[in-house]
Every structure is written in structure tokens, then in C-alpha cells.
Amino acid sequence: MRYDLVVIGAGIHGAAVAQAAAAAGYRTLVLEQFDQAASATSSKSSKLVHGGLRYLESGQISLVRECLLERRRLLKNAPHLVHLTPFNIPIYKDTQRRPWKIRLGLGLYTLLGGKAFKQLTKSEWCELDGLRTDSLNSVMRYYDGQTDDVRLTRAVLSSAQSLGAEVQFECTFERAACNHQQCSIFYREQGSGKEIRSRALVNASGPWVNSVLNRVEPAPDTLAIELVQGTHLVVPGNLQQGIYYLEAPQDQRAVFAMPWQGNILLGTTESLYSGDPSAVQPREEEIRYLLAVYNHYFENTLDRSQVMAAFAGLRVLPNSEDTAFNRSRDTLLHIDEVNCPRVLSIYGGKLTSHRATAEQVIRRLKPLLPKRKKQADTRTLSLPSVS
Ligand SMILES: Cc1cc2nc3c(=O)[nH]c(=O)nc-3n(C[C@H](O)[C@H](O)[C@H](O)COP(=O)(O)OP(=O)(O)OC[C@H]3O[C@@H](n4cnc5c(N)ncnc54)[C@H](O)[C@@H]3O)c2cc1C
């Protein structure tokens with residue numbers, strides 16, 4: 001069987017590329033090493049569908065605009081999976097980002113496609129879930145999206161399947177040999193080796209991106225990246241007033257406290273990681289860091305024994321002298337046009353902009369693929385309900 005497109009990975013990007021490819025009429029197969037979708041980064045995110053207010057600080061305006069547009073589409077196409085939630089930004093006397101700066105950022109965010117923001121009155125502060133009010137200067141409230149990343153990924157994959165894409169779990173990509181017409185793809189399924197052919201190969205393997213690319217012949221060049229670990233904690237509590245956008249007193253990074261399945265999700269951290277991506281684990285210092293942020297801002301303090309769960313995921317970020325917090329979050333689509341024009345790799349990216357990324361992937365590969373009849377437009381396609 002020859003496919004038009006084989007996709008490695010059933011995270012949000014692999015699912016979205018399969019959906020976009022199947023919608024464009026291409027014969028598509030997804031290979032995933034684990035037994036279900038969203039087994040890696042796409043189940044370890046902060047679960048936000050957002051433009052990313054803080055990316056304005058580092059001038060990533062086009063990223064914010066694209067994400068806000070995709071947020072709007074998801075609210076329309078998947079209202080059962082994505083909903084708007086209030087985000088509260090408390091500003092204290094010693095908060096580094098001053099009120100004028102936050103107002104300016106929120107104003108720009110609104111202009112780029114966000115919903116209007118407001119300043120809470122002092123009489124509303126007592127409703128803020130036990131937030132400390134000593135030396136509190138003001139609280140700004142705006143709105144952004146929240147989702148369940150696992151269900152979102154499964155819904156996108158299910159949409160791809162209903163458009164005709166095939167998905168095979170517990171199939172590990174081993175290597176590919178490509179020429180100017182096609183790629184032969186070798187993978188392992190339950191101990192036995194298999195070979196298939198495809199016009200093009202999409203490497204949507206998240207933190208494994210370079211280890212997959214290193215097994216392609218002729219050897220394509222790879223981008224220099226770092227893996228940055230981000231940890232979240234689930235702690236007891238009930239945040240009635242939405243999400244709290246907190247400035248970590250230790251290093252002024254943004255940390256979120258979010259209502260999550262009847263408890264609180266706290267995250268995230270950023271620390272360099274090297275080693276096997278499947279072995280990533282929350283570190284004790286990250287857990288202490290997140291608890292300290294929470295305890296700095298809320299009256300009802302938590303201790304280590306109250307942590308109900310902790311999980312860590314890996315961001316793929318381009319190598320840079322900058323801190324991980326300030327580095328570009330743009331998605332990079334990489335093809336080595338000279339050595340291996342039929343292999344496209346996705347580096348980094350956002351859960352929020354998965355559809356737009358997939359659309360760009362298909363646009364880049366279209367000249368290499370046969371003509372097919374378009375079946376659907378992912379900009380307006382409703383996502384199914386999944387359990
Ligand atoms: C801590 C953290 C918080 C984040 N929060 C947000 C957020 O709130 N909002 C947002 O928009 N974005 C967020 N992001 C970004 C977003 O989560 C990621 O960009 C996205 O999930 C990456 O998806 P992916 O499909 O590229 O990778 P993954 O989800 O990692 O999927 C890659 C898949 O490839 C498979 N694979 C790898 N190698 C092979 C092989 N050899 N054979 C077969 N299969 C293979 C893996 O098993 C895996 O399932 C966050 C990221 C992190 C790390």
C-alpha cells in the first residue's frame with residue numbers, strides 16, 4: 001500500500017496533520033509508538049487555549065495573533081472541549097510588572113483579538129479564593145481558553161479518522177530511506193518489522209524530533225534544539241473565580257494556578273532536560289518551587305504531603321543564549337530541501353495553534369503530492385465528542 005503521507009506521532013501535531021491531510025483528500029497513515037494518542041507532551045501541557053499574554057513581553061506578536069484566531073475557531077468548532085475562563089492578575093506593591101505595563105499588554109491583547117479586560121473593584125477582592133490582599137494594589141481580569149489536552153488531541157485524531165486517515169498504535173518508526181519520488185518507511189509492530197511507502201513523511205514526534213530525523217536517509221540536517229522540562233502539580237482546592245496568573249517571587253516567571261477537575265493545577269517550571277524523553281519526571285526542586293509560589297499568594301498554604309499528582313512534559317525550543325522563559329515559542333517547520341525534500345519535521349509549537357500548523361505543513365508538502373479531491377475545510381470543521 002502506498003500512502004500520500006505518513007505521520008510519525010499521535011500527539012496534537014500528528015493528529016492535526018492527519019486531519020488536515022485527510023481533509024485535503026490525501027491517503028494518510030499515523031504511526032504512534034504508544035498505545036493511545038496524547039501519550040507524551042500533549043497530555044502534559046497547561047491545558048490553555050490562549051494567545052499567550054506573556055509572549056507580548058518578548059515581542060511575539062504574530063504568534064499571539066495566530067493563537068487568538070485559532071482560539072476563536074476552537075471556541076466555535078469545539079465548544080464542548082474549549083471554554084473561556086476568567087484569568088485574574090493580582091498586582092502587589094512589589095510585583096515587578098507594573099499596573100501600566102499589564103494594562104498596556106491587555107490592551108494590545110484585546111486589539112489582537114482577545115476579549116475585553118477589566119480591573120476588579122476592591123469590594124470584589126474578598127471573592128478571590130483566599131488570595132492574599134495585604135499590599136495588593138489592583139487585580140486585572142481578562143478571559144482566555146481552557147481545555148482538556150488529551151480529549152482535544154483525541155477529538156482531532158478522531159476527526160482525521162472519520163475523514164479516512166488510518167492510525168496504528170504500538171508501531172515504532174525505525175528508519176526511512178527516501179529518494180526524489182517517495183520514502184520507504186520501516187517500523188516495528190509487536191516485534192515484527194514492517195515496510196510501507198509514502199510520497200512524504202511528516203515527523204511530528206515532539207521531543208523525539210531529532211532522534212527520528214537522525215534515522216532518515218539520505219541524512220537531512222537537523223536544527224539545534226534544547227528540551228526544556230515543564231512540571232505541573234495537582235493540589236487540593238477549589239478556585240471559583242477562574243485562573244490566577246501569578247508572578248513567581250523567586251524569578252518573576254509567570255505561573256498559573258488553575259481550576260482543574262475539582263482541584264488546582266499549578267504550573268509550570270522550565271529546566272533543561274537531556275536524556276530519553278519518555279523518562280522525564282517532575283523534580284523535587286520544581287515541586288518545591290511551585291508550592292512556594294502558591295503559598296506566597298494564597299492564605300491556605302499547602303505542604304509537600306498535599307501534592308496529589310505531578311507530571312512533566314518537554315518543550316522543544318531552539319538553542320539560544322536567552323532563558324527558556326524568554327525564548328521564541330514559534331513553531332518551526334523544517335525540510336532539508338537539498339538532501340531530503342520529502343521529509344518535514346515539526347519543531348516546538350503550541351497546542352492552541354495545532355490546526356494552523358497542520359495547514360502550513362500541508363501547504364508546504366502539496367507540490368510533492370498527487371492531486372486529490374478536497375473533502376473538508378478544517379477551519380470550519382466541528383470536532384467530535386470523545387470520552
Ligand atoms: C509544560 C508544557 C506546558 C504547555 N502548555 C501549553 C498550553 O497551555 N497551551 C498550548 O497551546 N501549548 C502548550 N504547550 C505546548 C504544547 O503542549 C506542545 O507544543 C504540544 O503538545 C506538542 O505536541 P506534539 O504532537 O508536537 O508532541 P507530543 O505530544 O510529544 O507527540 C509526539 C508523539 O510522537 C510519538 N513518537 C515519538 N517517536 C516515535 C517513533 N519513533 N515512532 C512512533 N511514534 C513516535 C510519541 O510517542 C508522541 O506520542 C506546553 C508544553 C509544555 C511542555
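Reader: Let me start with the ligand: which domains give residues to the shell around it, and where does that put it?
Author: Please keep in mind that this is a predicted model. Domain 1 (2–42 + 150–224 + 329–368) and domain 3 (225–318) both contribute residues to the shell, so the ligand lies between them.

Reader: How many residues surround the ligand, and which are the closest?
Author: There are 38 residues around the ligand, and the closest are Gly9, Gly11, Ser46, Gly206 and Gly230. The elements that supply two or more residues to this shell are helix H1 (12–23), strand E8 (171–178) and strand E17 (309–318).

Reader: And what is the shell like by class?
Author: Sorted by class, the shell around the ligand holds 15 nonpolar, 18 polar and five charged residues.

Reader: Let's stay with H1, then. How does H1 pack with H7?
Author: H1 and helix H7 (residues 354–365) pack at an angle of about 55°, and their axes are 8 Å apart. The crossing in which H1 passes H7 is right-handed.

Reader: Which residues meet there?
Author: From H1, the residues are Ile12, His13, Ala16, Val17, Gln19, Ala20 and Ala21, and they meet His354, Arg355, Thr357, Ala358, Glu359, Val361 and Ile362 in H7. The residues of this contact of H1 with H7 divide into eight nonpolar, four polar and two charged.

Reader: H1 also packs with H4, I gather; at roughly what angle do their axes cross?
Author: The axes of H1 and H4 cross at roughly 25° and come within 8 Å. With angles under 35 degrees counted as roughly parallel, that makes H1 roughly parallel to H4. Here the crossing is left-handed, as H1 passes H4.

Reader: Which residues of H1 meet H4, and what is the contact like by class?
Author: Ile12, Ala15, Ala16, Ala18, Gln19 and Ala22 in H1 meet Leu152, Thr153, Val156, Leu157, Ser159 and Ala160 in H4. By class, this contact of H1 with H4 has nine nonpolar and three polar residues, with no charged residues.

Reader: Changing topic: how is the chain divided, and how far apart are the centres of domain 1 and domain 2?
Author: The chain is divided into domain 1 (2–42 + 150–224 + 329–368), domain 2 (50–147) and domain 3 (225–318). Between domain 1 and domain 2, the C-alpha centres lie 34 Å apart, and the contact takes ten residues from domain 1 and 13 residues from domain 2.

Reader: What does domain 1 put into that contact?
Author: On the side of domain 1 that touches domain 2, the elements that give two or more residues are helix H4 (149–162) and H7. H4 gives the most to that side, with three residues. By class, the side has three nonpolar, two polar and five charged residues.

Reader: Last topic, the backbone: which peptide bonds are cis?
Author: Two can be named here. The peptide bond from Glu217 to Pro218 is cis, with omega near -10°, and Pro218 lies in the loop between strand E11 (216–217) and strand E12 (225–235). The peptide bond from Gly267 to Thr268 is also cis, with omega near 10°, and Thr268 sits in the loop between strand E15 (263–267) and strand E16 (271–273).

Reader: And what is phi at Asp129?
Author: Phi of Asp129 is near 50°, a positive value in a residue other than glycine. Asp129 is in the loop between strand E5 (118–119) and strand E6 (136–147). As background, most residues other than glycine have a negative phi.

Definitions and conventions:
Residues numbered from 1 in each chain as written. Predicted model: local features only at pLDDT ≥ 70, side-chain atom pairs only at ≥ 80, totals over all residues. Near = placed C-beta within 6 Å. Helix = DSSP H or I, 4+ residues; strand = E, 2+ residues; numbered from the N terminus. Nonpolar A, V, L, I, M, F, W, Y, C, P; charged D, E, K, R; others polar. Domains from an automatic or database assignment. Axes fitted to C-alpha atoms, helices over the stretch in contact; angles between N-to-C directions. Left-handed = near helix turned anticlockwise from the far one by under 90°. Contact = placed C-beta atoms within 7 Å. Parallel < 35°, antiparallel > 145°, perpendicular 65-115°, else oblique.
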